[in-house]
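Dear colleague,

Please find below the structure I promised to pass on, followed by my notes on what turned up when I went through it. I have kept to what the coordinates themselves show.

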Amino acid sequence: MDFIASLAGYVIPFVVVLTIIVFIHELGHYWVARRCGVRVEVFSIGFGPELFGWNDKHGTRWKISAVPLGGYVKFFGDADATSSADNDAVAAMTVDERKVSFHHQRLRNRMAIVAAGPVANFIFAIFIYAALFSLVGQPFTPPVVGDVVPGSAAEVAGLRAGDRILSADGTNIQRFEELRSYVALRAETPIALTVLRDGGEIPLTVVPSRVDVADGMGGTQRVGQIGIRTTGIDFVRHDPATAIVQAVRETWHVVANTFTYLGRIIDGRESGDQLSGPLGIAKMSGDVAKNGWLGLVSLMATLSVAIGLINLFPVPMLDGGHLMFYGIEAVRGRPLGERAQEYGFRIGFALVMSLFLFATWNDLNRLPIFNFLTGLFS
């Protein structure tokens, strides 16, 4: 019973968070499609067999499916959940059916419908951040050095207690939290700091050390640290306008940090073993939920940005892949051939599944019991 209760403590927060994010994403597609006059046949949260559902007055089947790892909106004329065309059905449509078919929409409408899902994720994240910053407060610790760890990268760089860090590599630093996340992704990479000391600006270069810290799953995560301490974390409540501005900044930081990490993987400065899959996100959701709903809501905002961004990657089968095909169609004046699109979706499916399996393998490798079992057979 204790095991089941413990498992539920991770599964339930994960399913709740993912379901809300997926619903918002698919709602973006649905809302813009309806504005464009497209008939929506299915709005599904999850994949696989339907658990329960209902039909609305527009003929859309709203349903909850058995596998809660995503969702989809199926438009009139789609062959499947990936919005690939049912070519035989599309060719046989009447004039009236063509008016409500996704695949007979003007190019700009199709692009707007596809882009609406990721955009909805970004808007949702901004809304959450703004609400938290306005009602609860934003972590807003001034980027002032309280103490320098002896022998640290900060001491080597010449940082002193009382220094106020103004920028890192030209990026404006408003809060210590921004500096920490910036440094964490740049282990062993020189960072040009601009520091305010005694009323004057001083340029310094610091090279963060690579440090292993606990990842909450029984393993470690490698991050960059420079070795400075502050006096503590403050929370500042903002008026609605300022909260929105700060929410947009926070959303942008998530996007920028994601690209930074992926770029460092590509050029070999970071390992891909830090990527997390469903198991890691479930573990994270459960751990955060134990500390209260505020942390879980904040995690939901971050994951919403991540899911919106990933869906914009130009990989066939994802929204970004569809947008890539539509971009090619805009340039060529006609769509890619059926075979080219079919091969593209197969490649996209292979890439998505490979990433899913790789991230899941990373999650398993962080579990102590998995490492113990693999050690027995090695």
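The chain holds twelve helices and twelve strands, where helices (H or I, at least four residues) and strands (E, at least two) are DSSP runs numbered from the N terminus. Please bear in mind that this is a predicted model, in which local features need pLDDT of at least 70 and side-chain atom pairs count only at pLDDT 80 or more, while totals for chains, interfaces and linings use all residues. Residues are numbered from 1 along each chain as its sequence is written, and side-chain values use heavy atoms, with hydrogens and water left out.

Of the 378 residues in the chain, 40% are buried, buried being under 20% relative accessible area, exposed over 50% and partly exposed in between, with a 1.4 Å probe and protein chains only. Among contacts (heavy atoms within 4.5 Å) with a separation of 6 or more, 63% join residues 24 or more positions apart.

The largest nonpolar core has 23 residues, of which V17, I128, Y129, M300 and V305 touch the most other members; such a core is a set of buried Ala, Val, Leu, Ile, Met, Phe, Trp, Tyr and Cys residues joined through side-chain atoms within 4.5 Å. Two or more residues each come from α1 (2-35), α4 (107-135), α7 (240-266) and α9 (293-311), and α4 contributes the most, with nine residues. When residues up to four places away in sequence are not counted, I128 touches V297, M300 and A301. Apart from this core lies another, of 20 residues, which includes I173, L179, V183 and V206.

Helix α4 also packs against helix α10 (residues 319-332), the two axes coming within 9 Å and crossing at roughly 160 degrees, where axes are lines fitted to C-alpha atoms, for helices over the stretch in contact, and angles run from 0 to 180 degrees between N-to-C directions. The pair is therefore roughly antiparallel, on a scale where angles under 35 degrees count as roughly parallel, over 145 as roughly antiparallel, 65 to 115 as roughly perpendicular and the rest as oblique. On the α4 side the contact is made by L107, R110, M111, V114, A115 and P118, and on the α10 side by D319, H322, L323, Y326, E329 and A330. The crossing of α4 and α10 is left-handed, meaning that the near helix is turned anticlockwise from the far one by less than a right angle, clockwise being right-handed.

Turning to the strands, there is an open sheet of four with the order β6-β5-β7-β8 and antiparallel pairing, two strands being paired if DSSP finds at least two bridges between them. Its edge strands, each pairing on one side only, are β6 (171-172) and β8 (200-206). Strands β5 (residues 164-168) and β7 (residues 191-197) pair over four bridges; R164 stands opposite L196 in β7, and the bridge partner of A168 in β7 is L193. Between β7 and β8 there are seven bridges, again in the antiparallel sense, with V195 partnered by I202 in β8.

Helix α6 (residues 176-184) lies across β5, β6 and β7 and runs at about 155 degrees to β7. The covered face of β7 consists of I191, L193, V195 and R197, whereas A192, T194 and L196 form the uncovered one. In β5, S167 counts as buried at 12% relative accessibility, and, leaving aside its neighbours within four places in sequence, S167 is in contact with N172, I173, A192, L193 and T194.

Two loop residues may interest you for their backbone angles. D169, in the loop between β5 and β6, has a positive phi of about 55 degrees although D169 is not a glycine, and at 37% relative accessibility D169 is partly exposed. D198 also takes a positive phi, near 55 degrees, in the hairpin of β7 and β8, which has two residues between the strands; at 80% relative accessibility D198 counts as exposed. Most residues other than glycine have a negative phi.

Finally, V352 sits in helix α11 (residues 338-365) and is partly exposed, with a relative accessible area of 25%. V352 and L318 are 34 residues apart in sequence and 8.7 Å apart in space, C-alpha to C-alpha, and V352 touches V315, M317 and L318 when residues up to four places away in sequence are not counted.

With best wishes
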